[in-house]
Amino acid sequence: METVLLVIHVMIAIVLVGVVLLQRSEGGALGIGGGGGGGGAMSSRGAANLLTRTTAVLAAGFMLTSVLLAIVSGTHSEPTSILDVPATTTDAPESTAPAVPAAPAEPSAPLSE
């Protein structure tokens, strides 16, 4: 359930970013309105209204999935921290004494000059 909500949430976020970038800003940006002329199927005002409504619906969907993800993630009953899990015992090796290092070698005779 959580994975499905997360996938829907990410898809809404990507589409929302695309719709916001399509809107015409004061500077022109990536607006699809063109120059306001042309014989397209939709006028620039109609396109702006459609994009505004689409943005509002996507924003509401984004907020709804955010709230649902917060609710679903809070219902886990498994421990989430490594400190919550009890330590497991492992069999220790037979001898726990450290290895004894080898004795140092005798120094060689001094060099005569």
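In the predicted model, His9 touches Phe62, Thr65, Ser66 and Leu69, with residues up to four places away in sequence not counted. His9 is found in helix α1, which spans residues 2-22. The relative accessible area of His9 is 14%. His9 is therefore buried, as this value falls under the 20% limit.

The protein chain has 2 helices and 0 strands. Helix α1 covers residues 2-22, and helix α2 covers residues 44-73. Of the 113 residues in the chain, 12% count as buried. The accessible surface comes to about 9600 Å². Carbon and sulfur atoms account for 66% of that surface. Among contacts with a separation of 6 or more, 69% join residues 24 or more positions apart.

The largest nonpolar core has 5 residues in all: Ile12, Leu16, Val19, Leu51 and Leu58. Helices α1 and α2 each supply at least two residues of this core. The most comes from α1, with 3 residues. In soluble globular proteins, nonpolar side chains tend to be buried together.

Leu16, a member of this core, is in contact with Thr55, Leu58 and Ala59, leaving aside neighbours within four places in sequence. Leu58 belongs to the core as well.

Thr55 lies in helix α2. Its relative accessibility is 17%. Thr55 therefore counts as buried, the limit being 20%. With neighbours within four places in sequence left aside, Thr55 is in contact with Leu16, Val19, Val20 and Gln23. Two of these partners, Leu16 and Val19, are members of the largest nonpolar core.

Ala60 and Ile12 are 48 residues apart in sequence. Their C-alpha atoms are 9.9 Å apart in space. Ile12 is itself part of the largest nonpolar core.

Leu50 also lies in helix α2. With a relative accessible area of 46%, Leu50 is partly exposed. Leu50 and Gln23 are 27 residues apart along the chain. A distance of 9.8 Å separates their C-alpha atoms. Gln23 is also one of the residues in contact with Thr55.

Leu68 lies in helix α2. The relative accessible area of Leu68 is 34%. Leu68 is therefore partly exposed, since the value lies between 20% and 50%.

Technical notes: Residues are numbered from 1 along each chain as its sequence is written. This is a predicted model: local features need pLDDT of at least 70, side-chain atom pairs count only at pLDDT 80 or more; totals for chains, interfaces and linings use all residues. Side-chain values use heavy atoms; hydrogens and water are left out. Helices (H or I, at least four residues) and strands (E, at least two) are DSSP runs, numbered from the N terminus. Buried means under 20% relative accessible area, exposed over 50%, partly exposed in between (1.4 Å probe, protein chains only). Contact means heavy atoms within 4.5 Å. Accessible areas come from the Shrake-Rupley method with a 1.4 Å probe; for residues, only the protein chains shown count as cover. A nonpolar core is a set of buried Ala, Val, Leu, Ile, Met, Phe, Trp, Tyr and Cys residues joined through side-chain atoms within 4.5 Å.
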